[in-house]
Amino acid sequence: LLQPKVIIELIGNSLEMAGKQQNWVLMVTAQSPTNIAVIKYWGKRDETLILPINDSISVTLDPEHLCTTTTVAVSPSFDKDRMWLNGKEISLSGGRYQNCLREIRGRASSIEDEEKGIRIQKQDWEKLHLHIASYNNFPTAAGLASSAAGFACLVFALAKLMNVKEDQGKLSAIARQGSGSACRSLYGGFVKWVMGNDVNGSDSTAIQLASETHWDDLVIIIAVVSSRQKETSSTSGMRESVETSALLHHRSKEVVPKRILQMEEAIRTRDFPSFARLACVDSNQFHAVCLDTSPPIFYMNDTSHRIINYMEKWNRFEGTPQVAYTFDAGPNAVLIARNREVASLLLQRLLFFFPPLPDTDMDSYVLGDKTILKDAG
Ligand code: ADP
Ligand code: DP6
Ligand code: CO
């Protein structure tokens, strides 16, 4: 439950390049956690600025387990901006990357390091090009908020590299223009993204509700049901819901405002039964909105439904909730146990009722000392 941090800062790692006068590269590596919403953001009122139709609340995960690591480098020897995601080059031409780069470049300040002979003036940043390499240590575009960790990390790393002197709030607002959920990943603990009213988005910001130490009994277990890339991205899914789902409009106006207040109170008082009930009903309503979208969007699969069923039965059997479940735009379950004891039971039960199957994306898998080919059944 930590906010982004710089893990390597390399100023002036001199490159030996004959014939170049300015043979240097400057780079920063940062790490940023993902966050999972317990009251979901789904729907925009402004597609370019990324302004939502309701408030949302999330919990930021521990970056040791699910995180993005991004290295940003600048050198006079780079002739254009380039980015690699999980080792594959991707295009930076999309509006979201361009918006983040422009916002950060516009706020860059000068850097001087006499010892290493580096001097970058404010205006130089407009001409210098960047190379960016980012890795997610968890499935990308599979409903575990890779866009949140990814854009939070990108903006944070760029800001460090370019000596941007803005506070976390401003960086969060820039990350929001990369992916809405990213604005919440700039903070640890429990975070609220306030939708705001302003047409230019000045009051649509994330705020920390409680720090990572506030409720440290909670244990979050992620059950990866499938690491496949989803068919409908969050961006296009929510656009279709805004256009076609009457339930979404009822949800954002009538349901979420009350739920936000109740969730804030549950977090403040560490009231697990209320927290769990609210998180579960909100996840289910979000997926109901997806079904109410035309054509319908199916993010969960049979295994996700079986997990919900099992958790509901367990909570009913105990008489009071032990485990909360929530699913983002994908089939993977985020399970929140009320304490370590429950988490250990939960893990045992998951392994018993949902034994890990060989990754269906692989052609073969190892079972004991044998290699089994998938096609052999
Ligand atoms: P998710 O549920 O994983 O957030 P989305 O559909 O919201 O899925 O977003 C996936 C997209 O986010 C990717 O296709 C890519 O464009 C972007 N993304 C994912 N990881 C990163 C990253 N580390 N850095 C920059 N962009 C990323
Ligand atoms: C279901 O933030 O990924 O995870 O703003 O279009 O990039 P864009 O979408 P994104 O949507 C997240 C949706 C969600 C719920 C949530 O995180 O609040
Ligand atoms: Co996303």
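1. I50 is buried: 25 other C-beta atoms lie within 10 Å. Buried here takes 20 or more other C-beta atoms within 10 Å of a residue's own, exposed takes 12 or fewer, and partly exposed falls in between, with C-beta atoms placed from the backbone. I50 also has a positive phi of about 55°, although it is not a glycine. I50 sits in the loop between β4 (44-46) and β5 (51-52). Helices (H or I, at least four residues) and strands (E, at least two) are DSSP runs, numbered from the N terminus.

2. A word on the source. This is a predicted model, where local features need pLDDT of at least 70, side-chain atom pairs count only at pLDDT 80 or more, and totals for chains, interfaces and linings use all residues. Residues are numbered from 1 along each chain as its sequence is written, while chains are lettered from A and ligands numbered from 1 in the order in which they are written.

3. Most residues other than glycine have a negative phi, and most peptide bonds are trans. N86 is a residue other than glycine with a positive phi, near 50°. N86 lies in the loop between β8 (82-85) and β9 (88-90). It counts as partly exposed because it has 13 C-beta neighbours inside 10 Å.

4. The peptide bond from S294 to P295 is cis, with omega near -5°. P295 belongs to the loop between α6 (272-292) and α7 (302-318).

5. Now ligand 1. There are 22 residues around it, and S146, S147, G150, S233 and S234 come nearest. A residue is near a molecule if its C-beta atom, placed from the backbone, lies within 6 Å of it. The shell has 9 nonpolar, 12 polar and 1 charged residues. Ala, Val, Leu, Ile, Met, Phe, Trp, Tyr, Cys and Pro count as nonpolar, Asp, Glu, Lys and Arg as charged, and the others, Gly among them, as polar.

6. Which element gives the most to the shell around ligand 1? That is α2, with 6 residues. Both β12 (129-136) and α2 (146-161) supply at least two residues each.

7. The largest nonpolar core has 92 residues, and I104, A152 and V155 have the most contacts inside it. α2 gives the most to this core, with 12 residues. Such a core is a set of buried Ala, Val, Leu, Ile, Met, Phe, Trp, Tyr and Cys residues joined through C-beta atoms within 7 Å.
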